[in-house]
Amino acid sequence: MNRILAAAFALLVPTLALADVDSRFAKLRDESEPLGGLGAFLEKYVGECDGALVDPQCKQQAEAFRKKYTGKRLYMIVTEDDAGMLSPGDFNPGTNEFTINITPFFSGGKYGLCHGAPKKTDSQGNPVMNYLTVSGTAPDMWNGGTFNRMFTARGVRAQVVFTPQSVWTLPKKGGGKNYGVNARIEAVLVTEGRTGNQLGLWLNGKDAGGK
């Protein structure tokens with residue numbers, strides 16, 4: 001019985017944690033299909049069907065999967081351990097106003113989900129993406145060190161609503177191609193991982209600020 005209760009509580013925790021969020025984001029989230037795992041989704045959507053041992057039905061299955069999800073609004077949570085796309089921007093000690101930079105590349109296994117299709121890679125072969133930026137105002141007891149430590153200590157997470165649009169490809173360093181999914185990022189909600197407090201909201205390509 002204890003195991004059953006524990007499992008039921010685990011299912012409730014995400015709902016409780018997401019209850020107090022910006023109403024604009026909540027509306028988008030509630031109209032979206034929750035994503036179970038980004039890596040599995042990207043693998044099926046890209047449908048990289050090369051090699052001798054690939055299932056003969058691979059291309060057909062990938063086309064059917066893309067047809068099902070292209071243009072459909074989806075929702076995912078990026079936990080603290082995976083939120084490397086979030087980085088601290090400026091912090092104004094006089095006003096406690098800050099900015100957070102979001103690199104709109106969400107990695108899942110060997111593929112990535114991007115806001116738009118990247119046009120080039122850096123010297124390490126990673127897609128080059130422009131930042132999305134959100135702003136907010138920190139509590140009075142915060143300072144620049146407190147703000148920066150949230151990121152170094154993996155204390156922030158993101159909730160993302162996006163709409164897949166197509167598959168992108170770029171030349172891979174050393175030969176071959178990199179694949180990923182071109183998406184329209186509808187909204188990114190950045191929160192403190194420990195408290196769930198909203199830090200900033202990027203909404204439909206527009207900084208919507210902190211709560």
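This is a predicted model: local features need pLDDT of at least 70, side-chain atom pairs count only at pLDDT 80 or more; totals for chains, interfaces and linings use all residues.
Residues are numbered from 1 along each chain as its sequence is written, and side-chain values use heavy atoms, with hydrogens and water left out.

**Helix α4**

Helices (H or I, at least four residues) and strands (E, at least two) are DSSP runs, numbered from the N terminus. Helix α4 spans residues 58-69, twelve residues in total. From first C-alpha to last, α4 reaches 17 Å, close to the 16 Å expected at 1.5 Å a residue. That expected span is 1.5 Å times one less than the number of residues.

Which residues of α4 are buried? They are C58, A62, F65 and Y69. They cover an arc of only 65 degrees around the axis, which puts them on the same side of α4. The arc is taken over the directions from the helix axis to the C-beta atoms. Buried means under 20% relative accessible area, exposed over 50%, and partly exposed in between (1.4 Å probe, protein chains only).

The face turned away from the buried side carries the exposed residues K59, Q60, E63, K67 and K68. Cover for the buried residues of α4 includes β1 (33-34), α3 (38-46), β2 (74-78) and β8 (156-171). Just after α4, G71 takes a positive phi of about 85 degrees.

**Salt bridges**

A salt bridge here is a side-chain nitrogen of Lys or Arg within 4 Å of a carboxyl oxygen of Asp or Glu. The count by this rule comes to nine.

| K27, exposed, 52% | E31, partly exposed, 44% | 2.7 Å |

K110 lies in the loop between β5 (105-108) and β6 (111-115), and E48 in the loop between α3 and α4, so the pair ties together parts that are 62 residues apart in sequence. Elsewhere, salt bridges that share partners join K27, E31 and R73 into one network.

**Nonpolar cores**

In soluble globular proteins, nonpolar side chains tend to be buried together. A nonpolar core is a set of buried Ala, Val, Leu, Ile, Met, Phe, Trp, Tyr and Cys residues joined through side-chain atoms within 4.5 Å. The largest such core has 40 residues. Those with the most contacts inside it are F41, M76, L86, F106, L113, V160 and F162. Strand β9 gives this core its largest share, six residues.

Contact means heavy atoms within 4.5 Å. Leaving aside neighbours within four places in sequence, L86 is in contact with N101, I102, F151, V156, R157, A158 and V190.

**T191 in β9**

T191 sits in strand β9 (residues 177-192). Is T191 buried or exposed? T191 counts as buried because its relative accessibility is 2%. Not counting residues up to four places away in sequence, T191 touches G155, V156, R157, Q159, G196, N197, Q198 and L199.
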